[in-house]
Amino acid sequence: MEIQKAAVAGTLESSDAQVTVEPGAGGVQLELSSSVMNQYGRQIRATVLETLERLGVTDAQVTVVDKGALDCTLKARVECAVFRSCGQSAQNIPWGGVVR
Amino acid sequence: MSYTLSEIHPDDHRGMAQVRNLLEQEGIRRDGNLDYTCGIFNDDWELAATGSCFGNTIRCLAVSGRHRGEGLLNQIVSHLVEVQLARGSAHLFLYTKPDSAQYLSDLGFYEIVRVPGSLVFMENRRGGFDRYCASLSPKPQEGQSTAGVVMNANPFTLGHRHLVERAARENDVVHLFVLSEEAGPIPSAVRRELVEQGVRDLPNVFCHATGPYLISSATFPSYFLKDSDTVIRTQAELDLRIFCQIARRLGIQRRYVGQERSSHVTRLYNEVMCQKLPEAGIQCVEIPRLTRDGAAISASAVRQAIHDGQPERIRDWVPASTYDFFTGPRGASVCAAIQREAEVIHY
């Protein structure tokens with residue numbers, strides 16, 4: 001999926017994460033900050049990158065400000081931000097496909 | 001208790017009065033120029049928290065003392081970031097009080113510079129400002145004298161040329177920063193191009209774009225839109241602190257600036273500059289304006305002449321490259337845009 005414009009999903013409230021995606025400059029660049037970085041930083045990074053890969057995002061600048069979101073929340077926020085960034089949020093959500 | 005987050009329109013007098021009260025209570029001055037304001041109200045529709053936007057900045061953030069520790073600031077910032085993204089701004093800037101900066105740094109904002117006791121300026125890109133500084137070249141070398149010039153060059157005149165020439169003569173390297181902000185009828189790409197053409201024969205002058213970091217609507221909105229003198233001074237001080245950071249990386253030892261008589265905001269800025277730069281170890285060299293027929297050359301006068309439909313009048317005030325542009329085919333649309341403006345003189 002190609003990132004066409006900057007988009008954001010999620011909030012900065014506790015147990016949530018704010019995910020911003022922007023068109024990249026070649027490759028996926030992830031900037032992560034988290035209130036539980038020491039405990040779960042690697043897990044969060046892996047979840048975000050895996051979700052992007054599943055969506056076929058290969059060129060993006062992704063910023064995640066995590067406030068202790070569960071994996072399922074993170075996935076949902078990443079998916080939502082990506083769909084918004086390519087104008088797909090209203091239709092054609094591939095439920096059961098790349099969205100699992 | 002349940003909370004409602006809502007936009008507060010400028011003509012919602014009751015809501016705006018509550019915003020003003022809350023900001024005052026928290027010791028924050030409400031900026032004159034805001035283009036979006038929101039608030040969180042409690043059950044009794046009392047304002048518990050507020051925040052605003054202007055351009056690509058987030059500002060005037062406050063949480064009522066009675067509602068601390070409930071995560072309201074997070075909701076406000078989340079909402080404002082969404083508003084900004086919906087407008088298409090992804091690189092955001094934020095102002096806050098020094099004692100609140102730590103809360104904002106938990107929300108994905110990183111400090112660029114602070115004015116002690118007054119404010120902290122932040123951005124939502126980790127190392128964004130560092131990357132900007134790193135992109136500037138040439139890097140300082142031992143024993144070299146280096147100067148800095150910052151100009152709007154709206155458009156580039158012989159007055160600007162005079163200033164740059166003097167700096168180039170007295171220094172080994174001159175870093176020439178041209179404002180990137182789009183403000184007014186002459187596009188920033190044109191301003192930049194005319195500067196580059198106008199200094200092409202000076203091999204030790206290096207042009208840079210200021211990006212969002214110097215005299216932009218993020219650092220210095222009152223340069224572009226009227227505001228009170230106190231606001232101008234505070235914003236000028238912030239802007240100069242950023243300049244000092246850049247100067248430190250590039251080894252800039254002195255800054256050249258043209259004397260200002262007519263523009264109120266530039267005069268105040270220069271005044272703050274002459275005071276603040278020496279404190280940071282940077283010499284401030286103020287140069288008298290170049291004159292023609294007894295009158296100082298100014299970009300305002302050039303715009304006025306074009307506005308009045310007499311572009312031939314500017315011939316003695318600008319380099320050939322600028323003159324050719326405005327009288328040539330490419331300049332026609334820009335001239336037309338200047339003529340459409342009601343007011344072309346900088347306040």
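Helices (H or I, at least four residues) and strands (E, at least two) are DSSP runs, numbered from the N terminus. This is a predicted model, in which local features need pLDDT of at least 70 and side-chain atom pairs count only at pLDDT 80 or more, while totals for chains, interfaces and linings use all residues. Residues are numbered from 1 along each chain as its sequence is written, chains are lettered from A and ligands numbered from 1 in the order in which they are written, and side-chain values use heavy atoms, with hydrogens and water left out.

Figure 1. On a 1 Å grid over the protein atoms alone, a cavity is a set of points where a 1.4 Å probe fits but cannot get out, a pocket is an open set with protein on both sides within 12 Å along at least five of seven lines, and lining residues have an atom within 4 Å of a point. Grid points are joined across faces, edges and corners, and a volume is the space filled by probe spheres set on the points. Two or more residues each come from β2 (17-23) and β4 (60-66) of chain A and from α2 of chain B; β2(A) gives the largest share, 3 residues. The lining has 7 nonpolar, 5 polar and 3 charged residues (Ala, Val, Leu, Ile, Met, Phe, Trp, Tyr, Cys and Pro count as nonpolar, Asp, Glu, Lys and Arg as charged, and the others, Gly among them, as polar).

**Figure 2. The largest pocket.** This pocket holds about 1,100 Å³ of space. Among its 47 lining residues, N152(B), Y223(B), E260(B), T266(B) and H346(B) lie nearest the centre. In chain B, β8 (146-151), α5 (158-170), β11 (254-258), α8 (264-279) and α9 (299-307) give two or more residues each to the lining. By class, 24 lining residues are nonpolar, 16 polar and 7 charged.

**Figure 3. The second largest pocket.** About 800 Å³ of space lies here, lined by 32 residues, with I28(B), L61(B), T96(B), K97(B) and S100(B) nearest the centre. At least two lining residues each are supplied by β4 (57-63), α2 (72-87), β5 (93-96), α3 (101-105) and α7 (229-250) of chain B. The largest share, 5 residues, belongs to β4(B). The lining divides into 13 nonpolar, 9 polar and 10 charged residues.

**Figure 4. The open sheet of chain B.** Its 7 strands follow the order β1-β2-β3-β4-β5-β7-β6, with mixed pairing (two strands pair if DSSP finds at least two bridges between them). At the edges stand β1 (4-7) and β6 (110-115) of chain B, each with a single partner strand, so one side of each is left without a neighbour in the sheet. The twist averages 20 degrees from one strand to the next (axes are lines fitted to C-alpha atoms, for helices over the stretch in contact, and angles run from 0 to 180 degrees between N-to-C directions). Strand β3 (residues 47-54) of chain B pairs with β4(B) in the antiparallel sense over 5 bridges, and T50(B) stands opposite A62(B) in β4(B).

**Figure 5. An aromatic pair in chain B.** F93(B) and Y213(B) form an edge-to-face pair, 5.9 Å centre to centre and with 85 degrees between the planes (rings of Phe, Tyr and Trp, its six-membered ring, pair if their centres lie within 6.5 Å; planes under 30 degrees apart count as stacked, over 60 as edge-to-face and the rest as tilted). F93(B) lies in β5 of chain B and Y213(B) in the loop between β10 (205-209) and α7 of chain B, so the pair ties together parts that are 120 residues apart in sequence.
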